[in-house]
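I opened my notebook today to look up a few things in a protein model. Here is what I had on the screen.

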Amino acid sequence: MNIVDIDNEIVGERFELIKERIGEIAKDCKDSGRFADYFTRTASFITLVIDVYEKVKNGFFETASADAIKEIHDSLYEDILGEAYENSYANPEYAVRKLGEEFGPILGMLLYEMRGMIAYAYEGRKHNITILCELFVQIYNLFEDENVSYDEVREAIYYFFFDYSEVFAADSVMSMIDPKRDFFKRIIMDSDLSDTKYLYKYGSYIGENELGISRYLAALDDETIKTMADTFTGGYIKGFEVTNKPLHKKKTCMIYYPIGFERVIKKAIENFEKQGLDVCIFREKNSSCESASTVKNGAYSTSPNRQYDYDHQFDMAFYFDKTYARRRNEVKHDVFVKNRELASYQAGPAVMEVFGESLFSPKNKPQRKRFDEKQQALFVEYMNDSARITNEYIIGDERSYTIIAFPLPEIGERFADIFADTIKLNTLDYNKYHRIQECIIDVLDKGDFAHILGTGKNKTDLKVNLYKLTDPDSQTIFENCVADVNIPVGEVFTSPVLAGTTGKLHVSRVFLNGLEYRELEIDFKDGMITDYTCKNFDDEDKNKEIIKENILHSHDTLTMGEFAIGTNTVAYKMARDYGIEALLPILIAEKTGPHFAVGDTCYSHSEDVRVFNPNGKEIVARDNEHTLIRKSDPKEAYYNCHTDITIPYDELGSITVTAKDGTQYDIIRDGRFVVPGTEELNEPIS
């Protein structure tokens, strides 16, 4: 009996009782006041989810028609799609308008949690459905007293997440390390991938992107699918080779992938199995307790409503405090201790990203819940502790990763052409870029500091202090990055010396972690962010808020963790030819110009692992002054975030390196590479 069956056995009678109670509320809500509609509609939704659970259990989805299955799917998401969201209690504006400023936001958050039951219904997780239903009924019972207080409601929600930390934290850990949790793998390996009906087995939102990419891949020849999968898994394997890490010790890896790409992922799983690696796949976020981010990972679909995601990004703030944070991490630690050996086998994530969704600039609603200043500081500490625990058991010095990206049908009418060109982009000549980038690194290694200037309206004016080599014959400052952990090829990067790294970074338009930023400016002094702004909103406080929440990830400041020069002018040309510059993911965009990462270095948690360029030189710039804190206080050494911000070639005036003796060497001048041996890079952008 697996863990889901065991959990389901525990709640057998409780499930039947709570199901009956939910049905009663849906039909005959006792509240006759302003909350009646909320409880009736929410109870009706829960009843629908329970019906789906029972249909799954009884084999309905194996025998029903595609139309019948889609009809059920659509009914589960209809209240947050398009204009319907304007009148949904999941919308903080509507919830406050109908339920009042005191209870509207927290009841909207409760509905968000209830919507998380959709996933549990499809996975057959009766236990998780039961405990969420019990929470809903508990809150409903509180409102039977017309004198109910906000503190009573918040306390009920708080203790739900506190008491069930064992469930949610354990699920989070085990889904990363236990390949026996194979719900997603079975969909991939056992389904008829030529029939899009299989997509509805997930319990995730299935829209035109998922349907479109699945149909497109089904029509591709086997050799193309093999090329895509081999590039993906080959980069992962190569990542272990170039970072000198012991893949032979590992038995599992994680796969993050967009739903619809199953045909490629099936081949990737087969490739990993040949390497002795079983796969672990977990679901994207479906509860506020899982993260405070809108970034998707695991097995994920495009969002039914990105404003909905943004509105509920920080719902954890309703119950997040020091006691809860400590409890959650204690449980996480205990689960890892009990499964120490299983965790040690985990090799790290192989990540497939997508791009092409229309640009999204969120509406910053005053009714949206946010962390207060105390919670922001506590959340940073909590995430640092959480990452440290993970790194201790899924051993940082022994794990690696890879990332690759492909376009979605939403990118436009030329989707098929863009997709084909992206495959070519992902398979560019490794040796060619290795040779060219070595020419650039040879010049950079002469430098004391680099000076980056924008051109035209771009205000970038940055001085980046470089690591000082003690043995140039055997050492190098920059990594020659050629399509292993980061696909496609095309960058050289380093960890800057913080002291002396000073100036302004500016980019007119950039798309980061799912959000668009206009006229983004970040100021640095001695490698630390001192100020930031953008022009997303008329209100400057809101501009700073969106940057702090989503680029600084609630930290007061971050270091410049990386300075890199992207060399993939083929990617740059592709983006310009198709007019998709703003739609490129960071993964590709970072290769199309110089970029600067705020947060941790590229060697986070692995600074002591010696790594070498293909020419045999050791990359010695793996630390900065902040990461060195790990030797005395590991908890303070990492930010657990890393966001690349790229200046496109047409906004770049120059990159110049100055040696200790004052000699200057241009790397790029007027948007063109000028180092001898790099002439081929200019051909696509001539």
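My entries below go through a helix pair, a sheet and some cysteines.

**Ground rules.** I am working with a predicted model, where local features need pLDDT of at least 70, side-chain atom pairs count only at pLDDT 80 or more, and totals for chains, interfaces and linings use all residues. Residues are numbered from 1 along each chain as its sequence is written, and side-chain values use heavy atoms, leaving out hydrogens and water.

**Helix pair.** I looked up helix 9 (residues 150-163) and helix 10 (residues 165-177), whose axes are 5 Å apart at an angle of about 50 degrees. Helices here are DSSP runs of H or I with at least four residues, and strands are runs of E with at least two, numbered from the N terminus. Contact means heavy atoms within 4.5 Å. Helix 9 brings Phe160, Phe161, Phe162 and Asp163 to the contact, and helix 10 brings Ser165, Glu166 and Phe168.

Next I traced an open sheet of 8 strands, in the order 13-12-11-7-6-18-19-20, with antiparallel pairing. Two strands pair if DSSP finds at least two bridges between them. Strand 13 (528-533) and strand 20 (672-673) are the edges, each pairing on one side only. Strand 19 (residues 664-669) is joined to strand 20 by 2 bridges, and I found Arg669 opposite Arg672 of strand 20.

**Cysteines.** How many disulfides are there? I noted 0, counting a pair of cysteine sulfur atoms within 2.5 Å as a disulfide. For Cys253, the nearest cysteine sulfur belongs to Cys280, 7.5 Å away. Cys253 is buried at 0% relative accessibility, where buried means under 20% relative accessible area (1.4 Å probe, protein chains only). Cys133 is buried too, with a relative accessible area of 0%.

Notes. Axes fitted to C-alpha atoms, helices over the stretch in contact; angles between N-to-C directions. Buried < 20%, exposed > 50% of the residue type's maximum accessible area, 1.4 Å probe, protein only.
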